[in-house]
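Subject: the structure you asked for

Hi,

Here is the structure we talked about, with my notes below it. Have a look at it first, then read on.

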Amino acid sequence: MTDPTQSKEITPLSDIDLEIHEGVRTIAGRIEHVLFHRRLWVLAVFCIVSIFLGWHAARIGLEASFQKMIPASHPYIENYLKYEGDLRKMGNVLRIVVENTGGDIYDKDFLLTLKKINDEVFYIPGVDRGNMKSLWTPNVFWREVTEDGIVGGLVIPDDFDGAPESIGQVRRNVARSGTIGSLVANDQRSTVILVPLVERDPQTGAQVDYGLLSERLERMVRAKYGADGVRIHITGFAKIIGDLIEGGRDMASFFAATFVLTIGLLYFYSRCWRSTASVIFCCSLAVLWQLGIVRLMGYALDPYSILVPFLTFAIGVSHAIQNINTMAAERLQGLSDFDASKATFRLLFVPGSIALLCDAVGFSTLLVIDIGVIRELAISASVGVMVIIFTKMFLLPVLMSYAGISERGLRHRASKVSNEGTSALRRWTRNTMSRLTEPRWALGVVVVGVGILGASWWIARDLRVGDLDPGAPELRADSRYNKDVAFLTANYANSADVFVVMVKTKPDACGTYPVTSAVERFQAVMGDVDGVVGIQSLVTEMKTLIAAVQGGNLKWYGLSRDEYVSSGALKMTRQDYYNHDCSMLSVLLFLEDHKADTLTRVVSAAEKFAAENNNEHVEFLLAAGNAGIEAVTNIVVKRAERLMLFLVYGIVALLVWWEFKSWRATVALVLPLYITSILCEAIMAKLGLGVKVATLPVIALGVGIGVDYGIYIYNRIENYLRMGMNLKEAYYETLRTTGVAIAVTALTLALGVSTWLFSDIKFQADMGLLLAFMFLWNMVGAILMIPAILSLLSPELRAGSTKPALK
């Protein structure tokens, strides 16, 4: 096959009169003048800013907040926050299960150990002590109907001494308390300590540190008491976050691995220690700046945003590869290090800035998701991209004007781009790929791409919003936390997944018949919903008490229209299910799991009942409880997903059109991105990954970063077209001069996130897998599809037409 450019004399790209917006040309010229005529001043400024931001970066912490994990502005969450004080014991709650591995709980040593654990937990900062509940707390008692009336007392009486008689009394009290299945296991070999948490420490006013809380639970409870026949299991939102923070601390080792891999990859590509050191220094500085600015903004790292420094480093390196590639090309044209650096800045300022703006757009569209951790991730990542503009676009060219490219690096570059020094395999590959601009091949590539899009769209129909597995999908299936959840689910009737519906009424009316009868009907409806395994409410307890005052006759087990009967029963109930002025009562739905389909069924049934039965006496409000909050989160994520995709593609398309002023170029760059996004959704569906807080950012990140490849490829193609080449020749030259750089860019990004696969945190591993796939596949799509789409949309380019044909 004939080399499509072997008779062409290639003009240095720096000599091409690039058609850039006049305003952009002026700005670029001024920046270039300042950078290269005040180099020492520029370095001094960067040094001072780096010291300042580095000091703040060193003070950044790792934390998480319950409030930031929920969509606070959603009406259902506003309902929960309105009654948060009354519902605290049903929201952010830890369940500490204490198991007797050598028998049942009716053992003196075990019960005394349980008391020690109860007292230990009571004094841990962040615990809502007044609402703690266990066999040893005064808010757990028993009742019994006798000939003398209703009698009762504490499950474990104050005079408990561990004697056989006392143990027998505790056994009888537990049986009469109705706590088997909730506080006591079905087999009575373990018992639960319910530990509600506050968001802020009431003594200091500081936000509770979940990482420290989890560490204290491990050290002061599990490690201290989890021996000699006692096993400890701990579940709850705070423990999940604590385990995520613990796993996040291992990310430093992954960053070190990424750092070493990147250095090796850069040197292998450039064969130049000078340029490699300059790039690594600038990209490391970008991470330092990003952390410092985030700290100044009042944010901290959390299990989600801890991944952002990886992205900042990887994005910086991937863009800097273009600097190495372009500067080496200019040096081979005879320019000095200083002039080659200026030419590199001039060539890459516009496409590099637009590409980085697209990255920022991909991140910033996450702001439409009304969840604190996602918004902070978006802000942190956007900050990272902005500092890359300074360190990569401004500082790196100045550094390389001093460091330059080594002679070995220049020889390596020359051997890669010259036909004489290139292997026969590489020449054959370029020649073969350049045929993608021919009509038959171009049509084939586009047809295959559209076919992949159609197949992916069909598979992606099975993609669900929310969790698809029990336990905490953020952690590994064999993690300690998920084993603890499995134990709780297997041994207790009341699951750890609680969906709470609030019933609003007039003050002092929560026990009246119009309210309680509506709640009773609601419970009957929800009890038939697949996935609801238990229900508790004020109504259930009132019915039991009404029967009790009638001698325990089950004929009286029901609600009464007589307000005196209802009022009497209400006065005897514990204030666990209604607030202080009896204007709200709560209905607890215990779910089989918190999978997406289960939550969807529960929400749908509850909303339907509320719409049909809300009136002047009663109003059913969703939603609280850990399952209720997760259901709302799924709703918010589902609504935001399409809006986010619309925004990211719309803004990226506008930026591409603004840069190139060509709708054909816009289609050529955006279509491969869209195919990759749908293909990613199909892979998620096949892998059993739902769209949720942990995975939704992947799509936006992949689109924002993936468009970089297309911008650099099309920018080179367009430049060669302006030199009078036809599309085939321009594409061949693009492959020859920057094709390997694009591939190395994608590989650098993929390597940067692939180390996450070894994380103990499953959602980080999932994000690493999906992002690595999107970075690599976006590169493949850009290299193969852009020339094919241009060939079909602009057939005149195949004959050597110039810019007017690109409109």
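One definition before the rest: two rings of Phe, Tyr or Trp (for Trp, the six-membered ring) count as a pair if their centres lie within 6.5 Å. With that rule, Phe36, Phe338, Phe345, Phe349, Phe390 and Phe394 form one aromatic cluster. Please keep in mind that this is a predicted model.

**Overall picture**

The protein chain has 807 residues, and 59% of them count as buried. Its secondary structure comes to 26 helices and nine strands. The C-alpha trace spans about 110 × 50 × 45 Å along its principal axes. If you take the contacts with a separation of 6 or more, 81% are between residues 24 or more positions apart. The chain exposes about 31900 Å², and carbon and sulfur atoms supply 58% of that.

**Aromatic pairs**

Back to the rings: the count comes to 18 aromatic pairs. One of them is Phe36 with Phe345, where the centres are 6.3 Å apart and the planes sit at 65°, so this pair is edge-to-face. Phe36 is in helix H1 (residues 22–37) and Phe345 in helix H12 (residues 337–364), so the pair ties together parts that are 309 residues apart in sequence. Phe36 is buried at 3% relative accessibility, and Phe345 is buried too, at 2%.

Tyr210 and Phe237 also make an edge-to-face pair, with 5.8 Å centre to centre and 85° between the planes. Here Tyr210 belongs to helix H7 (residues 210–225) and Phe237 to helix H8 (residues 237–248), 27 residues apart. Tyr210 is buried, with a relative accessibility of 1%.

**Salt bridges**

Side chains of opposite charge can pair when their charged atoms come close. This structure holds 22 salt bridges. A few that I looked at:

- Asp119 and Lys115 meet at 3.1 Å, N to O. Both lie in helix H5 (residues 108–122), four residues apart, about one turn of the helix. Asp119 is partly exposed at 32%, as is Lys115 at 33%.
- Arg601 and Asp530 form a salt bridge with their closest N and O atoms 3.8 Å apart. This pair links distant parts of the chain, with Arg601 in helix H21 and Asp530 in the loop between helix H18 (513–527) and strand S7 (532–537), 71 residues apart. Arg601 counts as partly exposed at 34% relative accessibility, whereas Asp530 counts as exposed at 52%.
- Arg722 and Glu718 meet at 3.2 Å, N to O. They are four residues apart in helix H24 (residues 696–722), about one turn of the helix. Glu718 is buried, with a relative accessible area of 5%.

An α-helix has 3.6 residues a turn, so residues three or four places apart point the same way.

There is also a network of salt bridges that links Glu218, Arg222, Lys239, Asp243, Arg480 and Asp484.

**Helix H3 and what covers it**

Which residues of helix H3 (residues 75–82) are buried? They are Tyr76, Ile77, Asn79 and Tyr80. These cover an arc of only 150° around the axis, which puts them on the same side of H3. Their cover includes helix H4 (84–87), strand S6 (498–504), helix H21 (596–613), S9 and H22.

Trp657, Trp658, Trp663 and Val667 make a nonpolar surface patch of about 400 Å². H22 and H23 each supply at least two of its residues. Trp663 is in helix H23 and is partly exposed, with a relative accessible area of 45%.

**Backbone spots to check**

- Lys661 has a positive phi, near 50°, in a residue other than glycine. It sits in the loop between helix H22 (625–660) and helix H23 (663–687), and at 25% relative accessibility it counts as partly exposed.
- Gln188 has a positive phi as well, near 60°. This residue lies in the loop between helix H6 (164–177) and strand S4 (190–196) and is partly exposed at 21%.
- Leu622 and Ala623 are joined by a cis peptide bond, with omega about 0°. Ala623 is in strand S9 (residues 619–624).

Cheers

Note on methods
Residues numbered from 1 in each chain as written. Predicted model: local features only at pLDDT ≥ 70, side-chain atom pairs only at ≥ 80, totals over all residues. Heavy atoms only, no water. Buried < 20%, exposed > 50% of the residue type's maximum accessible area, 1.4 Å probe, protein only. Arc of directions from axis to C-beta. Contact = heavy atoms within 4.5 Å. Patch = residues over 30% accessible without salt bridge, like charges linked within 9 Å, V, L, I, M, F, W, Y side chains within 5 Å. Areas by Shrake-Rupley, 256 points an atom, 1.4 Å probe, with all protein chains shown as cover. Salt bridge = Lys/Arg side-chain N within 4 Å of Asp/Glu carboxyl O. Phe/Tyr/Trp six-rings, centres within 6.5 Å; stacked < 30°, edge-to-face > 60°.
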